[in-house]
Amino acid sequence: MGEPNGISNGPSRPSPSVPPSPPPPPPSPATTLIQPSKKHHKRKAFRVFRHVFRTLPIIQPHCSFPTLPGGRLPDHHGNNNKVCGTLFGFRKGRVSLSIQENPRTLPTFVVELGMQTSVLQKEMSAGLVRLALECEKRPEKDKTKLMEEPLWSFFCNGKKNGYGMKREATDADLHVMELLKAVSMGVGVLPSVDPEVEGPDNEMAYLRAHFDRVVGSKDSETLYMLSPDGNNGPELSIFFVRL
């Protein structure tokens, strides 16, 4: 008779199971914000600013603030020194500061401040707010720019309030900037920013305004809020300084 074939009639061994592939990461929220333009400001303009403010300290030790003649910033012609600044945060969370070239561009600077949003709102109800971010001077050979410093001591109206930490803009930051894209200046609340948080704690408070940016030196910059209606509303200045 024929030879037996090589196929076994016994039970077959199960093939080893292959673990399923991990799901792909969720896509980042779409944004229509554009890259800021790479403007090359004329060095002559900075020399003028530096000459005017060289003898005026942007900030003194113990967080005292300079005064300008008449209490107002001198008028500057042109728009090269104007930026859009936004203070935002959940009512019971920390407030963050975002700086943009204009409301339609991606942030060029984001720092999380060591102060709750509700506390800052109380300070601003007084009508005069001075925010200061301080860090130590670097050696002369160190080329780190002022706005690239990662960690700051943070003061509000002369009182220390922890630290400020620079960070890259997160998806949540970009979402807020996207919602505020059509807002050039104003104060308000954005509801339902985070679907995982319910109730009033989910409300994102914000203040957006145009600021006049004054470069005193490589170790000092100041943002002065520009009010569209003159002296009405809170007066806000933000100081960046290396001591």
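Hi everyone. Let me start with one word: a residue is called buried when its relative accessible area is under 20%. Arg242, at 6% relative accessibility, therefore counts as buried. Please keep that in mind, and keep in mind too that we are looking at a predicted model.

First, the overall picture. The protein chain has three helices and 10 strands. Starting at the N terminus, the order of elements is α-β-β-β-α-β-β-β-α-β-β-β-β. There are 243 residues in the protein chain, and 35% of them count as buried. If you take contacts between residues at least 6 apart in sequence, 59% of them join residues at least 24 apart.

Now, how far can we trust the model? The average pLDDT of the protein chain is 78, and 63% of the residues score at least 70. Where is confidence lowest, and where is it highest? Helix α1, residues 43-53, is lowest with a mean of 40, while strand β5, residues 151-156, is highest at 98. Over residues 40-79, pLDDT stays under 50. Where pLDDT is low, the predicted coordinates should not be read in detail.

Let's move to strand β1, residues 82-90. Seven of its nine residues are buried, so β1 is largely enclosed by the rest of the structure. Which strands does β1 pair with? One of them is β8, residues 204-217, in the antiparallel sense and over nine bridges. Within that pairing, Cys84 has His210 as its bridge partner. Another is β2, residues 94-100, again antiparallel, over five bridges. There, Gly85 stands opposite Ile99. β1 and β2 form a hairpin, with three residues between them.

Gly188 and Phe88 are 100 residues apart in sequence, yet their C-alpha atoms are 9.7 Å apart in space. Leaving out residues up to four places away in sequence, Gly188 touches Met204, Ala205 and Tyr206.

Next, salt bridges. Side chains of opposite charge can pair when their charged atoms come close. The whole structure has 12 salt bridges. One of them joins the side chains of Arg91 and Glu203, at 2.9 Å from N to O. Arg91 is in the loop between β1 and β2, and Glu203 is in the loop between β7 and β8, so this pair ties together parts that are 112 residues apart in sequence. Arg91 is partly exposed at 27% relative accessibility, and Glu203 is partly exposed at 27% as well.

Another salt bridge links Arg167 and Asp173, whose closest N and O atoms are 2.2 Å apart. Arg167 is partly exposed, at 23%, whereas Asp173 is buried, at 5%.

And now back to Arg242. Which residue does Arg242 form a salt bridge with? The partner is Asp219, with the closest N and O atoms 2.8 Å apart. Arg242 lies in strand β10 and Asp219 in the loop between β8 and β9, so the pair ties together parts 23 residues apart in sequence. Asp219 also counts as buried, at 10% relative accessibility. Through shared partners, salt bridges join Lys137, Arg138, Asp142, Glu149, Lys218, Asp219 and Arg242 into one network.

Leu151, Tyr163 and Met165 make a nonpolar patch of about 320 Å². Tyr163 lies in strand β6, residues 159-166, and counts as partly exposed, at 45% relative accessibility.

Note on methods: Residues are numbered from 1 along each chain as its sequence is written. This is a predicted model: local features need pLDDT of at least 70, side-chain atom pairs count only at pLDDT 80 or more; totals for chains, interfaces and linings use all residues. Side-chain values use heavy atoms; hydrogens and water are left out. Buried means under 20% relative accessible area, exposed over 50%, partly exposed in between (1.4 Å probe, protein chains only). Helices (H or I, at least four residues) and strands (E, at least two) are DSSP runs, numbered from the N terminus. Two strands pair if DSSP finds at least two bridges between them. pLDDT is the predictor's confidence in each residue, from 0 to 100. Contact means heavy atoms within 4.5 Å. Patches are made of residues with over 30% relative accessible area and no salt bridge: like charges are joined within 9 Å, nonpolar side chains (Val, Leu, Ile, Met, Phe, Trp, Tyr) within 5 Å. Accessible areas come from the Shrake-Rupley method with a 1.4 Å probe; for residues, only the protein chains shown count as cover. A salt bridge is a side-chain nitrogen of Lys or Arg within 4 Å of a carboxyl oxygen of Asp or Glu.
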